[in-house]
Amino acid sequence: MATTTTETTEPGSPHGKPTRRALGVAALRISAGAVTAATLAACGAVGQEAAPKKTAGPVTVTYMSNLPETHPEGEARLSLLDEFGKTNGLQITVNVAEAKGSTNNDKLKTLAAAGTPPDLYYTAYYFVAEFLLTGMTIDVDSELKAEKDWGKQRADIFPPMLESSMWDGKLAGMPGYTNNQGIIYNTGLLQQAGVAPPKQGWTWDDFKATAQKFVRPGLLPLSMAWAGTWRHWLGTTGGHIITKDSKKITADTPEMLLVMELYLDLLKRGIMQARADGRAGLNETYQQAKNDTVFELQGPYRI
C-alpha cells in the first residue's frame, strides 16, 4: 500500500448573519496548509485494490513532495524525515532521493497509473478529492477502521481541518497540521500617516475607511498575494462555496454576493489594484515590494 500527504485549507468559523457592517476583517482566521494523508488504491494500477502484506523485517518507503528541498517547507519536511529515520524503532527507512526535487500531480498520476506510485506523497489539499474520485486513493476511514486508536485520534482533529479533507462523506485525506491567515499591516506606514492601528472586531467598513487614507501614488493599500483570494473573505461570513453534500457550487449565495460587491468596491476605491494582466489583485511580490504595502492578506509563513 502507499500513502499521499497533502496540504489543507479551510474557511474560518461563522460570524452569524452577515451584513456589510458586521463582517469583521480582523477575524480572517482561515486555516491553511494542513497536511493530509490518503491511501493509494493499490500497489498495482489505479482502480485496483490489494490487501497490504504484513512485513516482519525492515521496510523502506519512498517519499516524494510537491515542494523541493530549496523551499523552506520542503527542506523542513526532509529534515523531519531524516530525524525520524535516525530515531524510529520500527525498522522503517524513508528513501528521500526523489524528494529533493518537486514532483507535480501529473507525474504522480502517471506513476499511479503505471502501478509505481511513491509510498508517501505530499501535495496541496485540494487534490485529494480528485485523487479519490479517479481511484488513485481510498477512503481513509475505511482503511483505518480496524485500528483501535483511530476513532480517538479522528475525534481529536480540529473539525474544520477534518471537514476540508472530506468529499461526499468520505475522508480523502488525513489532516496533520494547519495555520491561520489574516490581515497583517505595516505599523511604520500607519505611524507615519498618524493612523491608528486596527482594533479587535474591526469590520469591512472599518478596513475600507482606513485603507482609503493610503490610496495615493507610491503605495499599495492592500496586497492581494496568492493567499489573498475571495475564499478568505467568504470565510469571515461563515459561507461556503460548495454545499455540504458536495453536489453543488453555490456562487449566488448572499454571502458570496457580498464578497463580490466588496471586491468591486475595493477596486473602485483604488484600495485593491488590478495587476497589469488583469487576472488578480496587485501584490507586493508581483511589484517587488519596497516597504510600500500597508495591508496584506497573508499567513504566518509571510510574517
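Buried, in these notes, means under 20% relative accessible area.

**Entry 1: getting my bearings**

I'm working from a predicted model, so everything below is about that prediction. I started with the overall make-up. The protein chain has 303 residues, and 43% of them are buried. I counted up the elements next and found 10 helices and 11 strands in the protein chain. Then I checked how far along the chain the contacts reach. Taking contacts with a separation of 6 or more, I found that 76% are between residues 24 or more positions apart.

**Entry 2: two helices**

Which way do α8 and α10 run relative to each other? I looked up α8, residues 204-211, and α10, residues 254-269. Their axes come within 11 Å and cross at roughly 10 degrees. Angles under 35 degrees count as roughly parallel, so I noted α8 and α10 down as roughly parallel to each other.

Next I wanted the residues that make this contact. From α8 I listed Trp 204, Phe 207 and Lys 208. From α10 I listed Leu 258, Val 259, Leu 262, Asp 265, Leu 266 and Arg 269. Sorted by type, the residues of the contact of α8 with α10 come out as 6 nonpolar and 3 charged, with no polar ones.

**Entry 3: rings**

How many aromatic pairs does a search of the whole structure find? I got 7. I followed up two that involve Phe 295.

The pair of Tyr 185 and Phe 295 is tilted, with 6.2 Å centre to centre and 55 degrees between the planes. I placed Tyr 185 in strand β9 (residues 182-185) and Phe 295 in strand β11 (residues 293-298), so this pair ties together parts that are 110 residues apart in sequence. Phe 295 has 0%, so it goes down as buried.

The pair of Phe 207 and Phe 295 is edge-to-face, at 5.3 Å centre to centre and 80 degrees between the planes. Here Phe 207 comes from helix α8 and Phe 295 from strand β11, 88 residues apart, and the pair links distant parts of the chain. Both Phe 207 and Phe 295 are buried.

I then looked at how these rings group. Tyr 185, Phe 207 and Phe 295 belong to one aromatic cluster, along with Trp 202, Trp 204 and Trp 233. Trp 204 and Phe 207 were already on my list for the contact with α10.

One more ring turned up while I was checking charges. The charged end of Arg 77 sits over the ring of Tyr 122, 3.3 Å from the ring's centre.

**Entry 4: two spot checks**

Where is Ala 274? I found it in the loop between α10 and β11. Setting aside neighbours within four places in sequence, Ala 274 is in contact with Leu 267, Ala 280 and Leu 282. I also checked Ala 274 against Met 224: they are 50 residues apart in sequence, and 9.3 Å apart in space from C-alpha to C-alpha.

My other check was Met 166, in strand β7 (residues 166-167). Its relative accessibility is 25%, so I logged Met 166 as partly exposed. Not counting residues up to four places away in sequence, Met 166 touches Arg 154 and Leu 171.

How values were computed: Residues are numbered from 1 along each chain as its sequence is written. This is a predicted model: local features need pLDDT of at least 70, side-chain atom pairs count only at pLDDT 80 or more; totals for chains, interfaces and linings use all residues. Side-chain values use heavy atoms; hydrogens and water are left out. Axes are lines fitted to C-alpha atoms, for helices over the stretch in contact, and angles run from 0 to 180 degrees between N-to-C directions. Helices (H or I, at least four residues) and strands (E, at least two) are DSSP runs, numbered from the N terminus. Angles under 35 degrees count as roughly parallel, over 145 as roughly antiparallel, 65 to 115 as roughly perpendicular and the rest as oblique. Contact means heavy atoms within 4.5 Å. Ala, Val, Leu, Ile, Met, Phe, Trp, Tyr, Cys and Pro count as nonpolar, Asp, Glu, Lys and Arg as charged, and the others, Gly among them, as polar. Rings of Phe, Tyr and Trp (its six-membered ring) pair if their centres lie within 6.5 Å; planes under 30 degrees apart count as stacked, over 60 as edge-to-face and the rest as tilted. Buried means under 20% relative accessible area, exposed over 50%, partly exposed in between (1.4 Å probe, protein chains only). A charge sits over a ring if NZ of Lys or CZ of Arg is within 6 Å of the ring centre and within 35 degrees of the ring normal.
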